[in-house]
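Please walk me through this structure in running paragraphs.

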There are 2 protein chains.
Amino acid sequence: METKLSYKDNQVIISPDQPFKIIGERINPTRRKKLASSMAAGDFSLVQEDARLQVAAGAHILDVNAGVPGADEPALMRGAMQAVIEVAEVPLCFDSANPDALKAALEHYPGKALINSTTAEEEMMGRILPLAKEYGAAVIGVITDDAGIPATPEDRLATAKKLIDRAADYGVPKEDIIIDALALTVGADHNASRVTLASIALIRRELGVNINLGASNVSFGLPDREYINTAYLALAIANGLTTAITDPTKQEISLTIMACDLLMGQDEYAMRWIRAYRKRNQA
Amino acid sequence: METKLSYKDNQVIISPDQPFKIIGERINPTRRKKLASSMAAGDFSLVQEDARLQVAAGAHILDVNAGVPGADEPALMRGAMQAVIEVAEVPLCFDSANPDALKAALEHYPGKALINSTTAEEEMMGRILPLAKEYGAAVIGVITDDAGIPATPEDRLATAKKLIDRAADYGVPKEDIIIDALALTVGADHNASRVTLASIALIRRELGVNINLGASNVSFGLPDREYINTAYLALAIANGLTTAITDPTKQEISLTIMACDLLMGQDEYAMRWIRAYRKRNQA
């Protein structure tokens, strides 16, 4: 199944038959004081720097979060969007639970964006899915619902199904729903990742949709996090993950993803691997 | 399915329901001049050093190769075996195509060893499988046959089946055959790894046997090999790999494998991960 996003003429396709797609996570003021205060002051130069760095490092899509406490989120979201498209020609992923902020960006965005995100809670689907329909956006569907986090792969599949069915009711087609398989921290529950990996395989097999993870939190609280994060990405990709929200400016992340593409037959003659190596060693 | 190996009272179980098992590859004089000349002179101190280092780094089993051109391989294999068991209490994997060398080690080995390896060629199975039966050893079965390397996962499954059937004819049970899924270099053929990964999943699903890879050669000829090797291990583990011949003294290898165990629910409360981190940071 293909989820198509675009910025003007630049189309990005998320699909199991394509190289893996990276959604750059850095444009997010949460826990980044300097970025938060500059954004609140209407200064988007750090936002632009993060946009440039991530695209240079291999991001195919950029997540944009403008949630600075106490600030006017719709105004900041629109400002951040405009700042990013001045320097980066990739599709954007608007990251907010605030429909006004999403609307402020979507109504001026020249392309097909991604919304991050709705859960399968009825009230939230009722707020987010009509926006996706109105502006022709795709949506990340996080498979929690009014009952919380489903414990088993089978329950997560059922929640994903419910979310996709409700999206169809709102006029949003299945290929525009990217299921987020819930990357819970393995330090808190040593079975968390096993359940997520099995959920990815099951949802992919049964529903055929694209699947996303926020792939940096699985290792929270543990030492040597980079080895856990890269192993997790590869394990998840083998199970059917097609996109992840992560930080491609971390070399171990971007190289692991590129290595997975190579090893899964998505890099003809290893040309991309060799080209990227040469580029790194010229700079 | 459980493949049980032992050295005296120390039993090692290779199984999908256990942490991943590392077969240390370093005791091998091929392309290691100093090791080759010292072994040929009957000096096994470097062999013992490699044994100690690999066990300290997490090897569960040690591969022992004594193939020094022009030397008396049976004598060297027995000498290397005796030297290794003086310093390492783990099961051994005797690595030779020479039945006399295998016999020289197996007949004096105090435990259940692994033989590396037979192919599915009739003549080779006729040489190796009777030794496995006689000494109660397990065998790595490499799925090439008289026709060469099978091109598709389906053909590799058929070859694995043939090898397991012939082993049964010789009295070697299925659980004592570990199928080697053929890690060909991805630089020579960009589909090589995709076919191997699909073969692992297919053979594991259809036959239930344990599966091995020699996991260091996939990246041959390419730059930044460590990222390819670690991504390959994780992708293969996700597809059903249960053991690999590799070098655990390379930190990225042992940490990636330990991270995969953690992420697949094989490290309760992440205690092994944390203990290993502490140990590294005390040293």
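**Salt bridges, interface and buried residues**

Lys103(A) has a relative accessibility of 31% and therefore counts as partly exposed; buried means under 20% relative accessible area, exposed over 50%, and partly exposed in between (1.4 Å probe, protein chains only). This is a predicted model, in which local features need pLDDT of at least 70 and side-chain atom pairs count only at pLDDT 80 or more, while totals for chains, interfaces and linings use all residues. Residues are numbered from 1 along each chain as its sequence is written, chains are lettered from A and ligands numbered from 1 in the order in which they are written, and side-chain values use heavy atoms, with hydrogens and water left out.

The side chain of Lys103(A) forms a salt bridge with that of Glu134(A), at 4.0 Å from N to O. A salt bridge here is a side-chain nitrogen of Lys or Arg within 4 Å of a carboxyl oxygen of Asp or Glu. The two residues are 31 apart and belong to distant parts of the chain, Glu134(A) to helix α5 (residues 122-135) and Lys103(A) to helix α4 (residues 99-106) of chain A. Helices (H or I, at least four residues) and strands (E, at least two) are DSSP runs, numbered from the N terminus.

In chain B, a salt bridge of 3.1 Å, N to O, joins the side chains of Glu107(B) and Arg78(B). Glu107(B) lies in the loop between α4 (99-106) and β6 (114-119) of chain B and Arg78(B) in helix α3 (residues 73-87) of chain B, so this pair ties together parts 29 residues apart in sequence. Glu107(B) is partly exposed, with a relative accessible area of 40%, and Arg78(B) is also partly exposed, at 27%.

Is the pair of Asp176(B) and Lys112(B) buried or exposed? Asp176(B) is buried, and Lys112(B) is buried too. The closest N and O atoms of their salt bridge are 2.7 Å apart. Asp176(B) sits in the loop between α6 (153-169) and β8 (177-180) of chain B, and Lys112(B) in the loop between α4 and β6 of chain B, so placed that the pair links distant parts of the chain, 64 residues apart. In chain A, a network of salt bridges links Arg26(A), Arg32(A), Asp50(A) and Asp247(A). Over all chains the count of salt bridges is 28.

Next comes the interface. Chain B and chain A each give 37 residues to the contact, where contact means heavy atoms within 4.5 Å. Between them the two chains bury about 3,000 Å², 74% of it on carbon and sulfur atoms; buried area is the accessible area (1.4 Å probe) that two parts lose on being put together, summed over both. His190(B), Tyr227(B) and Leu263(B) supply 25% of the area that chain B buries against chain A, more than any other three residues.

There are 2 salt bridges between chain B and chain A. Arg280(A) forms a salt bridge with Asp224(B), with 2.2 Å between the closest N and O atoms. On the side of chain B that touches chain A, the elements giving two or more residues are α7 (192-207), α8 (225-239), α9 (251-263) and α10 (271-282) of chain B. The largest share of that side, 9 residues, comes from α8(B).

How are the two copies related? A rotation of 180° with 0.0 Å of shift along its axis superposes chain B on chain A, with an RMSD of 0.0 Å; copies are superposed by least squares on the C-alpha atoms of residues with pLDDT of at least 70 in both. This is the relation of a two-fold axis. The same surface serves both copies, as 100% of the contact residues of chain B recur in chain A.

Trp273(A) is found in helix α10 (residues 271-282) of chain A and is buried, with a relative accessible area of 1%. Not counting residues up to four places away in sequence, Trp273(A) touches residues including Leu255(A), Met258(A), Leu222(B), Asp224(B) and Tyr227(B). The C-alpha atoms of Trp273(A) and Leu255(A) are separated by 8.6 Å, the residues being 18 apart along the chain.

Pro29(A) lies in the loop between β3 (21-24) and α1 (33-40) of chain A. At 5% relative accessibility, Pro29(A) counts as buried. Among the residues that Pro29(A) touches, not counting those up to four places away in sequence, are Leu35(A), Met39(A), Asn65(A) and Val68(A).
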